[in-house]
Amino acid sequence: MRVLIAGAGLAGLSCAKYLVDAGHTPIVLERENVLGGKVAAWQDDDGDWYETGLHVFFGAYPNMLTLLEELGIEDRLQWKEHTMIFNRPEKPGTYSRFDFPNLPAPLNGIIAILRNNDMLTWWEKIRFGIGLIPAIVRGQNYVEAMDRYSWSEWMERQNMPKRVEQEVFIAMSKALNFINPNEISATILLTALNRFLQEKYGSQMAFLDGSPTERLCQPIVDYITERGGEVRFNSPLKEILLNDDNTVAGFLIRGLNGAEDEVLTADAYVSAMPVDPLKLLLPQPWKEMPFFQKLEGLEGVPVINLHLWFDRKLTDIDHLLFSRSSLLSVYADMSNTCRGYENRDRSMLELVLAPAKDWIGKSDEAIIEATMKELENLFPQHFTGDNRAQLLKYHVVKTPRSVYKATPGRQACRPSQQTPISNFYLAGDYTMQQYLASMEGAVLSGKLTANAITEQDSTINSPDESEKTPVSVAK
Ligand SMILES: Cc1cc2nc3c(=O)[nH]c(=O)nc-3n(C[C@H](O)[C@H](O)[C@H](O)COP(=O)(O)OP(=O)(O)OC[C@H]3O[C@@H](n4cnc5c(N)ncnc54)[C@H](O)[C@@H]3O)c2cc1C
């Protein structure tokens, strides 16, 4: 089958990869001139990379890890010590760690929590543990049902101390969805906690060894093109053209720089665009269908990714850090964590600014000024006194609509990959899959879409070709 896919983010690329594996011919159409969507990265005039987002991979990403193995690039992940490191705002420049011992889950997680005495008292840990019992005992059905509460509401219902939220979960909720615990759905944090506590290496983190565009997306493109597929840049989907029965007749691609628009046709069509542009492109007859109406409940959340290059080394920590600052979320010194960005003499901090709603409209200068103030708390030894670290250059990347904002009630709005339109499918981290809006979720969604297309093709054509069996999905 010839399949047109709009969007060359991880979902679109994963979908194309698994379609070529099943013997189909995907053509990926990307609006921009760069691969990766929310993992896209660019090189500046000095050859330094800057990215849409600071990205970490987790042990609990089975579909991503399988994909990397299938591409033969699993050694590009640089696994870090199994720990979570939080800044201590009450003691600027110091850290508190949750160290996971080399023991089976959930014992390693329980010991990591019990051993940390800087952030929570014994009483708070016990109250938190008791509050988690229903999620552990009743499993995923309970976790899904909790989508009606925010994390703050859920903690209150479980009689958990407010301080646990302030000490640990503001940082976690900003890291997971760029919003605070009073906004984020309880389902999101419970899903992450379940993964982290139930899998031995679930919470262990890795950094890619270079830019995601070059080191992750390009090998997927090479794999696709070597097997007869295609990836085209500067090819924005402008309109979804319909047949009389409301199935897709073609994709109208906007011609750029004075070129004519072009109609492309295929046997099946996939939107691997984020939900916000998809909503704008829905044909009128589809807008009346409940399946597509649900999408109105999903909207991307703003976030800002910062890169600051300094004249010296600020830290030797080779890991992700939870800043616990109200302005910032997680950050890392990429000159330590990422082989491709390595510098033994100078730091490059990559920091996520979230929640970004009040900052997205501000100038880069104002954002950097506020960030530099925060660095006085994170690295007081380098940003106070006479010999202060000098900022050499910076890049600010704003994403006004990033992953869907996971407030209570959103689970019911997430669509399946298969739609009521027989030749139209959805892929993307926002579509329904058991992972959150993440790289893992995007890769899994693409795989599920490829499977749905392959299955439908099989039922129509009842093939005897064994390569058209759906690929297995890691849970
Ligand atoms: C700051 C930040 C930090 C993050 N950190 C992490 C992390 O640490 N770990 C993690 O797992 N995840 C993280 N994520 C989330 C992760 O990046 C996303 O979940 C994932 O990359 C989404 O992939 P996707 O393919 O679903 O969507 P996208 O990456 O958004 O891809 C959609 C593609 O569609 C294209 N497109 C849009 N409109 C059109 C059109 N009209 N025609 C053709 N193409 C179009 C876009 O240009 C884009 O390339 C982070 C995201 C951000 C922004």
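The shell around the ligand is made up of 21 nonpolar, 11 polar and five charged residues, where Ala, Val, Leu, Ile, Met, Phe, Trp, Tyr, Cys and Pro count as nonpolar, Asp, Glu, Lys and Arg as charged, and the others, Gly among them, as polar. The model is predicted: local features need pLDDT of at least 70, side-chain atom pairs count only at pLDDT 80 or more, and totals for chains, interfaces and linings use all residues. Residues are numbered from 1 along each chain as its sequence is written, and side-chain values use heavy atoms, with hydrogens and water left out.

In total, 37 residues surround the ligand, a residue being near a molecule if one of its heavy atoms lies within 4 Å of it. The closest are Glu30, Lys38, His55, Tyr61 and Asp429. At least two shell residues come from each of α1 (10-21), α9 (275-281) and α15 (439-461); helices (H or I, at least four residues) and strands (E, at least two) are DSSP runs, numbered from the N terminus.

For Gly37, a backbone N or O atom lies 3.3 Å from an oxygen atom of the ligand. On its own the ligand has 1000 Å² of accessible area, of which the protein covers 94% (Shrake-Rupley method, 1.4 Å probe).

Four cavities of 30 Å³ or more are present in the structure. A cavity is a set of points, on a 1 Å grid over the protein atoms alone, where a 1.4 Å probe fits but cannot get out; lining residues have an atom within 4 Å of a point. Grid points are joined across faces, edges and corners, and a volume is the space filled by probe spheres set on the points.

The largest cavity has a volume of about 210 Å³. It is lined by 15 residues, and those closest to its centre are Met84, Phe98, Ile113, Val168 and Leu193. This lining comprises 14 nonpolar residues, one polar and no charged. β7 (83-87), α3 (107-115), α6 (162-177) and α7 (186-198) each supply at least two of its residues, with the largest share, four residues, coming from α6.

The second largest cavity holds about 90 Å³ of space. Its lining residues include Val39, Glu51, His55, Phe207 and Met439. Two or more lining residues are given by β9 (205-208) and by α8 (212-226). By class, the lining has nine nonpolar, two polar and one charged residue.

Methods:
A polar contact is a pair of N or O atoms within 3.5 Å; within protein, one must be able to donate a hydrogen and the other to accept it, and residues adjacent in sequence count only if both atoms are side-chain atoms. On a 1 Å grid over the protein atoms alone, a cavity is a set of points where a 1.4 Å probe fits but cannot get out, and a pocket is an open set with protein on both sides within 12 Å along at least five of seven lines; lining residues have an atom within 4 Å of a point.
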